[in-house]
Amino acid sequence: MQPILQGQNRQSPAEGPTISLCNTCYEEIPAEIRINDSGVHLHKTCPQHGPQDIRIESDADFYRRSLVSGPGQDYWYQVIGTTALEVTERCNVSCPSCYALPENGAQDPSIEELVAIAKQSVSEKSKTLILMGSEPTMRRDLPELIQALQKETGKPVSMYTNGIRLASEKYCDEVLPHLYSIAFSLHMRDYLPQPILFEKKLKALKNVVERRVRVNHISFSLRDLDDLDEVWEHCKEFWGVPHHFRIRTPSRVGRCDDEPFFLSDLLKAFVRKANSEGKKVVWYPADNNPYHVMVRVGEQFFRLIHFPGVEEANLSHLQSPPYALFMPELGETNLVHQFIMQEKDKKARTPMRAVERMPTSQIDGMELIQAVSV
Ligand code: SF4
């Protein structure tokens with residue numbers, strides 16, 4: 001399989017030919033985007049498994065508008081030009097929307113193996129490394145691993161974490177001083193099976209803030225649009241702490257049984273929420289595409305995300321950072337692309353639903369900035 005080229009031709013035309021993945025064998029296959037009255041559709045045909053179609057967006061106006069090109073399109077590279085390493089397949093919790101699919105019996109790769117993989121990170125646009133997993137804090141040798149990666153690659157090392165172990169101040173003091181930045185998945189109060197785990201996450205995030213660690217983003221995975229009310233309150237509590245908040249829709253990636261909805265639905269609900277408190281939402285033309293759009297409320301950035309599953313994947317839109325080296329044989333490709341390729345054995349289970357929609361052009365209080373300077 002040819003690795004996807006990073007940062008090249010990443011804005012494909014709104015309609016017409018592209019490349020996708022077969023829903024069954026995950027091989028790269030020719031596909032076509034078609035737009036009609038019901039929205040945006042991805043049509044593809046696998047030589048082995050036949051034709052496959054899916055509606056990938058209900059709002060064609062939103063879809064076209066999300067394909068930003070122009071002076072601001074490289075903004076995102078400067079924020080998160082990083083390559084992810086899978087440092088463990090173990091995790092200490094069980095999230096309903098896990099895309100990493102932990103295996104708690106799995107053996108961690110050695111520090112030497114990870115250094116060798118990290119040295120394959122050659123993209124000019126990838127200036128840092130980020131440890132991911134499943135959950136990096138499951139490794140006892142995490143401080144040593146971070147230091148070895150920094151020394152051997154010369155790149156700053158960040159970590160994506162569920163934060164639970166960082167509720168311990170002692171653990172924070174062992175790990176945080178070695179990190180360049182942190183990305184923290186917070187979610188909602190009833191997201192995890194035990195409510196105490198959310199309290200631990202809050203304590204951990206406060207520990208991180210007190211130690212003045214750079215927080216790249218705080219993320220939330222919605223189970224449905226009603227969750228946005230609680231997420232908004234958590235964002236207000238930590239407003240100004242991260243570079244951006246990430247809010248993700250349910251989608252057919254990894255272990256997620258929740259009913260997916262479209263990114264345009266999330267954007268519309270987000271704008272209604274912000275407007276209800278008198279706040280204006282500004283759409284930034286970063287490397288937006290149908291899987292993520294960047295907006296700003298006051299000085300605070302938000303990244304609204306819909307991870308595509310294998311059925312929805314348009315590889316022309318899966319080229320922006322963060323990159324990953326989870327499967328070194330694929331090369332250094334987009335993080336979601338690597339998640340999809342890892343979950344090859346998992347079947348998609350939940351059909352997309354049709355819900356009432358409002359054209360993007362009717363969203364009050366949102367303004368499009370045509371170009372940003374960074
Ligand atoms: S999403 Fe992350 S924290 Fe949650 S179960 Fe999966 S690996 Fe663990």
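Guide: A residue counts as buried if 20 or more other C-beta atoms lie within 10 Å of its own, as exposed if 12 or fewer do, and as partly exposed in between. The model discussed here is predicted.

Visitor: Is Y26 buried, exposed or partly exposed?
Guide: Y26 sits in the loop between β1 (16–21) and β2 (28–36). Y26 has 18 C-beta neighbours inside 10 Å. Buried would need 20 or more and exposed 12 or fewer, so Y26 counts as partly exposed.

Visitor: What is the phi of Y26?
Guide: Y26 is not a glycine.

Visitor: How many helices and strands does the protein have?
Guide: The protein has 374 residues, of which 46% count as buried. Its secondary structure consists of 9 helices and 16 strands.

Visitor: Among contacts between residues at least 6 apart in sequence, what percentage join residues at least 24 apart?
Guide: Two residues are in contact if their C-beta atoms lie within 7 Å. Among the contacts between residues at least 6 apart, the share that joins residues at least 24 apart is 72%.

Visitor: How does the shell around the ligand divide into nonpolar, polar and charged residues?
Guide: The residues around the ligand are C91, V93, S94, C95, C98, A100, P102, G133, S134, E135 and N162. Cys and Pro count as nonpolar here, and Gly as polar. The shell therefore divides into 6 nonpolar, 4 polar and 1 charged.

Visitor: What span is expected for helix α6 at 1.5 Å a residue?
Guide: Helix α6 covers residues 195–210, which makes 16 residues. From its first C-alpha to its last, α6 reaches 23 Å. That is close to the expected span of 22 Å.

Visitor: Why do the buried residues of α6 lie on the same side?
Guide: The buried residues of α6 are K200, K201, A204, L205 and V208. They are on the same side of α6 because the arc they cover around the axis is only 135°.

Visitor: Which residues are in contact with I164, leaving aside its neighbours within four places in sequence?
Guide: I164 is in the loop between β7 (157–161) and α5 (169–175). It counts as buried because 21 C-beta neighbours lie inside 10 Å. Apart from neighbours within four places in sequence, I164 is in contact with N92, V93, L197, K200, K201 and A204.

Visitor: What do the buried residues of α3 pack against?
Guide: In helix α3 (residues 111–118), L114, I117 and A118 are buried. They fall within an arc of 100° seen down the axis, so they line one face of the helix. The buried residues of α3 pack against β5 (82–86), β6 (128–132) and α4 (142–153).

Visitor: How far apart are the C-alpha atoms of D265 and S58?
Guide: D265 is in helix α8. With 22 C-beta neighbours inside 10 Å, D265 counts as buried. D265 and S58 are 207 residues apart along the chain, while their C-alpha atoms are separated by 8.8 Å.

Visitor: What is the C-alpha to C-alpha distance between K279 and V297?
Guide: K279 lies in the loop between α8 and β11 (281–289), and is partly exposed, with 14 other C-beta atoms within 10 Å. Leaving aside neighbours within four places in sequence, K279 is in contact with A274, V297 and G298. K279 and V297 are 18 residues apart in sequence, and their C-alpha to C-alpha distance is 6.7 Å.

Conventions
Residues are numbered from 1 along each chain as its sequence is written. This is a predicted model: local features need pLDDT of at least 70, side-chain atom pairs count only at pLDDT 80 or more; totals for chains, interfaces and linings use all residues. Helices (H or I, at least four residues) and strands (E, at least two) are DSSP runs, numbered from the N terminus. A residue is near a molecule or strand if its C-beta atom, placed from the backbone, lies within 6 Å of it. The expected span of a helix is 1.5 Å times one less than its number of residues. The arc is that of the directions from the helix axis to the C-beta atoms.
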